[in-house]
Amino acid sequence: MRTNKFGIRIATSALALGVSLGAHAVTDQDIMNDQNTPEDIVSYGMGTQGQRYSTIEDLNRDNIRFLQPAWAFSFGSEKMRGQESQPMIKDGVMYVTASYSRVYAIDARTGQELWQYDARLPDGIMPCCDVVNRGVALYDDKVIFGTLDAKLVALNKDTGKPMWIKTVADYQAGYAITAAPIVVKGKVITGVSGGEFGIVGKVEAYDANTGEIIWTRPTVEGHMGYVYKDGKKVENGISGGEAGKTWPGDMWKNGGAATWLGGTYDADTDSLFFGTGNPAPWNSHLRPGDNLFSSSRVAIDPDDGSIKWHFQTTPHDGWDYDGVNELISFDYMENGKKVMAAATADRNGFFYVLNRENGDFIRGFPFVDKITWAEGLDPKTGRPIYAENGRPGDPAEMSEGKGETVVAFPSFLGGKNWMPMAYSQQTGLFYVPSNEWSMDIWNEPVSYKKGAAFLGAGFTIKPANDDYIGVLRAMDPKTGKEVWRYENPAPLWGGVMTTAGDLVFTGTPEGFLKAFDAKTGEELYKFNTGSGVVGTPVTWTMDGEQYVSVASGWGGAVPLWGGEVAKVVKDFNQGGMVWTFKLPSDRVASK
Amino acid sequence: MKPLFLSLLLLMCWPWAGAQEMNDGEPLLNRPADRTYDIILESGYIKVGVYRDFPPYSYERNGEPAGIDVDIGRRIAEEMGVEFKVHWITPDETLGDDLRNNVWKGHYLAKQRLADLMLRVPYDKEYAYMQDSTGEYINEQVVMFGPYQQETWQIAYDPQQLDSVQTIAVFQYNPVGVEIDTLPDFYMSSGLQGRMRDQVRHYPNLREAFSGMRAGDVSAVMGMRAEIDHELAQVENERFVKAANGFPGIGKQAWDVGMAIKHTHRQLGYAVEAIIGEIVTSGQMNELFSRNGLSYSVPQYYREFLDEESIARAEGSQGQGSNTK
């Protein structure tokens, strides 16, 4: 214990919090073993591989009707907007984030607040993509999260006081952080969000104890990566070898490829898997070439940030199909051999199964009902076979009027967006929160920007069907078969979790937390949380009972860009709560 | 010590104290004040929205708002008999976003903050009456009015690198600087079937593009005429020259620039419209522009009803041309 005044004050307030007495620091081992320890949740993804699979069997199809609210907690203030956080649980304390870069520590038994931290955001900040936050990382005595002004903040887990704050990127240049950081081998790993302001995506590692930067890896070809040794910045190779291989002119300098959804980590191959956003500028006709590493999954060495392999889902993207969606590691048996695979459900409507040791394409298939931009995937390489006339037109070739409208399925909000899917080790199925919608894209005949004439593209998102947009799907990664589906009127925007009790949990914008039979898709449970659920549910055990928690609060990208989807969602009310449920122990054996 | 400190403080604050940003929103309901014409007069100030860090239109010089749009805002305030208060606008991706964030709704991170009047809003009927896919008028929340300038595109080049710029074809062989994500960027990157694409160098703003030209990285820079004029007026750029080339293929060669107010504040609009009309037709606008070292063209709006003599008066007695001189 430090003996200065400040140190003593921390010690006293820590003692005052009875709940944290006997609490243990989160270790690297705790994080690596998270998927096997049902009494805590210390990683984003309920395990660094991101499977969101819980081994707890107590709650099942027979007793789920006894799942009951234990407490609810309000994030308070008028700052509602989308609550996309995944709660973390350690030693009876929940750590959860809310919109506008807020963090809360809550007594997980009673729902009482222990502390709250509000990041002070600079005046005039213009975050590109709503004010959501997706969660914290835990390490040692720290709660670490990213802010809208692109900083990493480490808070003391007992007091909520900052221990270090580091600027990851310049918010004035268009950067932000909304994803949950992850901790691997004592390093906090984060990506960056950014709009169409000429940013360059990157993945960076910081020392979890001190906040000192360890390495940085740009995700656009041509940019130098660095490692930091004894305070010195040492070159560690140019991403992609050299500039200009897959980009024209100097466009690689502002190539986009934001790593805005964070990443997963696989200990078997010792790799970080990060996805990257679309290339900049938006108009693909300006940048012939594959534009690496945009719209890709990139495997990165956690020790020095080197790129091990990449897989590009949408080369030369022209539809704003970000490649950020999570890559989940999983193993399966084929012809008596274990396959070390990883899977992702892309914005572009295709589901990809890759070899996670080298990034080789194993197979891919559509997971949405209709895809128009591509006719399929090359069975050997997984590269899309572009559909004729499927690419939005070149604004430069526009004559008078609106220009031709191109209809593309799925819309740029994706067959699946940020909301994480789940993989059940028991059923061998992926549970994919997806949406059926298209977009009309045209060249805007009159458009202006900063007082000047401009060539903009216009777009409208349209539901593909009258009666539903969201589809929760059970997909078999070995066959590409859809095993079951649940259709939801509003678009699905919340994460999914599955359990060894053969349950699948997710939320809906209508406000429900729902549970389904993992094998059949039968809806078994619903509870209305009062506002749309766009967070990711978690489950854990405490005092011998199984708990389920989910954040509630409608928002995110759909109300911002949803176009004609507004018809379906315009009456949904905002909110800001975390709801916690439990199965009383005497109900476990209930039939 | 203390008096010295105080006077220093006064010295530091004084020059811009009158123009500083004003927070007059309603904290309880977290919304902007509804500032009608009468309320503006009563309050004694008008909040004029101009783009942040955007020379020569609006920027800070020695901590004080400066630039042609700031000058115009001050003139309007003066005519109304109220104080000028600056409202800095951080540009978003499109004009529609800027209007929403600054004129009629407010940004969701600063809900109490609106300008009474926004400048540098293109005046274009087609844009003003644009409809969305369901037939709704996209810009029905604002009134766009009072065109005060016509803006156009311009290239400046380095005569040490290029003999002249007769046509843009020269940029198939010589690097050209543009501000990223602007029409010059798209135009140079896609024009002539993309044959200039590899020569395009991207900069965050024109100031940087000109410093690229001084370093010999680019042979020319394309931007808005006023921006080019402003850069050419800087001592370090004196060897650079304005080109006289055309811009084939650009849909909007020139466009009128005016103002915007919230649609429920039309009375303010009428008052400002009358003031700006007088400033334009009397030739005072032209004087404001030349005092800033900028060429001036009367908006197309006025060309449709003013006779030649009146247009000549509005553009100064020398009878400067309307386009890229």
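Into which domains is chain B divided? In this predicted model, chain B has domain 1, made of 16-151 + 255-314, and domain 2, covering 152-242. The C-alpha centres of domain 1 and domain 2 of chain B lie 29 Å apart. Eight residues of domain 1 of chain B take part in the contact, and eight residues of domain 2 of chain B meet them. On the domain 1 side, these residues divide into four nonpolar, three polar and one charged.

Chain B also holds a pair of crossing helices. Helix H3 of chain B spans residues 68-80, and helix H9 of chain B spans residues 266-281. Their axes come within 10 Å and cross at roughly 115°. The crossing of H3(B) and H9(B) is right-handed. From H3(B), the contact draws on B:Arg75, B:Ile76, B:Glu79 and B:Met80. H9(B) contributes B:Ala271, B:Val272, B:Ile275, B:Ile276 and B:Ile279. By class, seven residues of this contact are nonpolar and two are charged, with no polar residue.

The two chains touch each other. Chain B supplies 36 residues to the contact, and chain A supplies 32 residues. On the chain B side, several elements give at least two residues each. They are strand S5 (117-122), helix H5 (125-128), helix H6 (183-194), strand S8 (200-203) and strand S11 (254-262). The largest share comes from H6(B), with five residues. The side of chain B that touches chain A has 16 nonpolar, ten polar and ten charged residues.

For chain A, the UniProt record supplies two annotations of interest. Residues 491-548 of chain A are 0% helix and 52% strand. The end C-alpha atoms of that span lie 23 Å apart.

The second annotation concerns a single residue. UniProt, again in an unreviewed entry, places the feature "active site" at A:Asp320. Where in the fold of chain A is A:Asp320? A:Asp320 is in the loop between strand S22 (307-312) and strand S23 (328-334). Is A:Asp320 buried or exposed? A:Asp320 counts as buried because it has 24 C-beta neighbours inside 10 Å, where 20 or more are required. Leaving aside neighbours within four places in sequence, A:Asp320 is in contact with A:Asn278, A:Trp282 and A:Phe412.

Methods
Residues are numbered from 1 along each chain as its sequence is written. Chains are lettered from A and ligands numbered from 1 in the order in which they are written. This is a predicted model: local features need pLDDT of at least 70, side-chain atom pairs count only at pLDDT 80 or more; totals for chains, interfaces and linings use all residues. UniProt positions are given in the numbering used here, feature names are shortened, and annotations may be inferred rather than shown by experiment. Helices (H or I, at least four residues) and strands (E, at least two) are DSSP runs, numbered from the N terminus. A residue is buried if 20 or more other C-beta atoms lie within 10 Å of its own, exposed if 12 or fewer, and partly exposed in between; C-beta atoms are placed from the backbone. Two residues are in contact if their C-beta atoms, placed from the backbone, lie within 7 Å. Domain bounds come from an automatic or database domain assignment. Ala, Val, Leu, Ile, Met, Phe, Trp, Tyr, Cys and Pro count as nonpolar, Asp, Glu, Lys and Arg as charged, and the others, Gly among them, as polar. Axes are lines fitted to C-alpha atoms, for helices over the stretch in contact, and angles run from 0 to 180 degrees between N-to-C directions. A crossing is left-handed if the near helix is turned anticlockwise from the far one by less than a right angle, and right-handed if clockwise.
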